Amino acid sequence: AMTMENRISVVTIIVADKAAVPQVNACLHEYGGHIIGRLGVPYGEKGVSVICVIMDAPGTTVSALSGKLGMISGVSSKTVTAKV
């Protein structure tokens, strides 16, 4: 069977609704084994939080996290994956 190779990806998350924070954290906790770093910056002036999550994981895993985040109201996310 083919195994997917791990890649480095950065998932950028913008949380515009504070009520969504617990759901976002629950998603990140679920994928914690693949997360190698996380930077969260609350921007009170605009009422948003920006979170960058660095992952070392197969593409399918990163896509699954991104999909779950995308279903949360008040949250947007975008993923960048290294080519190598």
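Lys68 is partly exposed, with a relative accessible area of 29%, where buried means under 20%, exposed over 50% and partly exposed in between (1.4 Å probe, protein chains only). The model is predicted, so local features need pLDDT of at least 70 and side-chain atom pairs count only at pLDDT 80 or more, while totals for chains, interfaces and linings use all residues. Residues are numbered from 1 along each chain as its sequence is written, and side-chain values use heavy atoms, with hydrogens and water left out.

A search of the whole structure finds 1 salt bridge, a term for a side-chain nitrogen of Lys or Arg within 4 Å of a carboxyl oxygen of Asp or Glu. Lys68 forms a salt bridge with Glu30, and the closest N and O atoms are 2.7 Å apart. This pair links distant parts of the chain, since Lys68 lies in helix 2 (residues 59-70) and Glu30 in helix 1 (residues 21-30), 38 residues apart; helices (H or I, at least four residues) and strands (E, at least two) are DSSP runs, numbered from the N terminus.

Ser9, placed in strand 1 (residues 7-15), is buried, with a relative accessible area of 2%. Not counting residues up to four places away in sequence, Ser9 touches Val53, Ile54, Met55, Val62, Thr79, Val80 and Thr81, contact meaning heavy atoms within 4.5 Å.

Ile54, one of the residues that Ser9 touches, is found in strand 3 (residues 48-57) and is partly exposed, with a relative accessible area of 32%.
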